[in-house]
Amino acid sequence: MSLFIYLFVDLDLLHNRNYFVTIGAFNAVGQSTYAFSKPIKIDDTPPTYGIVVELSGDYKLNHSNPERRLSWNCSNTDDCLGLDGECLESITQIQILWEPFKDEDTQITKYEVALGNTPGGTQIKSFYEVDRYQTSELVTNLDLSDVRRVYATVRGYNEAGLSSTAVSNGIFVSRFSAGLQPLRPFTIKDGATFNDLDFQTSLTELSASWDFSGDPCPIRKYEWAIYRIDGVESQPMTDVGDRTSDTNIEIEMKDGETYYTVVRATNALNIPITLRSDGITVKRDPLIPGQVYDGLLVGFDLTYQKETDTISASWSGFGKGAPAKEIVKHTGKSWIIGLS
Ligand SMILES: [Ca+2]
Ligand SMILES: [Ca+2]
Ligand SMILES: [Ca+2]
C-alpha cells in the first residue's frame, strides 16, 4: 500500500465553511472507486482569549489524593478579577485561573501556560501544555525568592492550530509573608530630617518617617503612634493613609524625656507589620559647640607644623555642663590617648 500526498494550493477557501476531499481511483480497465474525507472546516481566525489572574494564597496540593485538586474557576471577567490577587504569599507555587478561551468556528484543543518576571515572559517557567478543559493550574516547585513580580501567560489553540495569548496583570511576591527578609530593611527615623535624630528641642512637635518599601508587596495603609519611653501613650495609633512621614504639632512632651514612634504598616494581603523607632530625647538646652585646636596643646591652635607624618588635633567644651574632658587624637602614625 502506498501513501500519496497531493497538495492543493492557491485555493480560495472561505472561512468557516466545510470542505470535503473526494478521491477517485481508476484502474486500468476503467473501474473506479471513490473515497470521501470527513468535513474539513476552514478556520482562519484565532480563538478569543479570556482574562488570566493569579490567586494570592498558598494552596496546598492534596498529596494523599492528588486527584482531589482544588477546583477553581471563573467564567467571566468580573468573577476572574474578583479573585485576582495583588500579592503572593508563597515563594514556591502559584495558582492561576483563566476565563475559558472561545472560538466560534472550531474547538479549543489545548492550553499552554508559562510564568515570567515580565509581562508575557517565560523566565520562571517555560510554556507547557495543559488540558483543553482546564481553566486553572497550580504551578509548583518554583523558586520565587529573587522575584519581585510574577506574570502568568496562557495560550489557547483552536483546531486549526491558531492560538491566542493572554497575559495577567502580575502579582507581587510578598517576601514578608513567606518569612523572608525584605530586599531592604524596614526603617523608622525620628525627626523630620534625612537621618534619624536622637535629640530635639521642641516640646510640642514630633516627626517621624518610615520606609517599608523593601517588600515587593505594596503597603496599603500606615498608622503611627507616639509613646514616652516608659510606655505612656502620647499619641494613639493614627491612620495616615499611604504617607510615609508625619508630624504631630500638638503633643505635650517634657524636657529630658525620651519618646519613640511605633508604625504599623498594613500590606495588600492585609497583614500588619509593626516597627518602633530607637527614640528621641527632648533637650531644651541645645548642645553648645566646642572648640577644636590643631596641634596637641589644648587651647593653642597651631597653623603650621614641621612634622609631615602626623597631624593632631585637640578639642574641648562640647556640650554644656559636661565635665571638662580633653582627648588628644593623633592621626597619620595613628594612636589615640585619652586624658581626663
Ligand atoms: Ca476561529
Ligand atoms: Ca494580579
Ligand atoms: Ca532616634
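Colour the protein by pLDDT, the predictor's confidence in each residue, from 0 to 100. The average is 84, and 78% of the residues score at least 70. This is a predicted model, in which local features need pLDDT of at least 70, side-chain atom pairs count only at pLDDT 80 or more, and totals for chains, interfaces and linings use all residues. Residues are numbered from 1 along each chain as its sequence is written, while chains are lettered from A and ligands numbered from 1 in the order in which they are written.

**Stop 1**

Select residues 65-69. Their pLDDT is below 50, and the stretch has 5 contacts in the model beyond near neighbours in sequence. Two residues are in contact if their C-beta atoms, placed from the backbone, lie within 7 Å. Now select residues 320-340. Here pLDDT stays under 50, and the model has 29 contacts beyond four places in sequence. Where pLDDT is low, the predicted coordinates should not be read in detail.

**Stop 2: the cores**

A residue is buried if 20 or more other C-beta atoms lie within 10 Å of its own, exposed if 12 or fewer, and partly exposed in between; C-beta atoms are placed from the backbone. A nonpolar core is a set of buried Ala, Val, Leu, Ile, Met, Phe, Trp, Tyr and Cys residues joined through C-beta atoms within 7 Å.

Select V52, L88, I96, L97, V150 and A152. These have the most contacts inside the largest nonpolar core, which has 28 residues. Elements giving two or more residues to this core include β5 (52-54), β7 (94-98) and β11 (149-158). Strands (E, at least two residues) and helices (H or I, at least four) are DSSP runs, numbered from the N terminus.

Zoom in on A152. What does A152 touch, not counting residues up to four places away in sequence? The list is V52, E54, I96, L115 and S168.

Next, pick A208, W210, W224 and V263. They are included in a second, separate core of 8 residues.

**Stop 3: around β20**

Show β20 (residues 258-267) with strand β17 (residues 219-228). The two run antiparallel, joined by 9 bridges. Two strands pair if DSSP finds at least two bridges between them. Find Y222, which stands opposite A265 in β20.

β21 and β20 pair in the antiparallel sense over 5 bridges. T266 stands opposite P272 in β21. Y259 stands opposite I280 in β22.

**Stop 4**

Most residues other than glycine have a negative phi. Select N270, in the loop between β20 and β21. Its phi is positive, near 70 degrees. The hairpin of β20 and β21 has 4 residues between the strands. Is N270 buried or exposed? N270 is exposed, because 10 other C-beta atoms lie within 10 Å.

Jump to N141, in the loop between β10 (136-139) and β11. N141 is not a glycine, yet has a positive phi of about 55 degrees. N141 is exposed too, with 7 other C-beta atoms within 10 Å.

**Stop 5: a strand in the open**

Select strand β3 (residues 32-36). Of its 5 residues, the number buried is 0, so β3 lies largely in the open. Show strand β2 (residues 22-26) as well. β2 and β3 pair in the antiparallel sense over 5 bridges. G24 has Y34 in β3 as its bridge partner. Finish at G30. The hairpin of β2 and β3 has 5 residues between the strands, and G30 takes a positive phi near 85 degrees.
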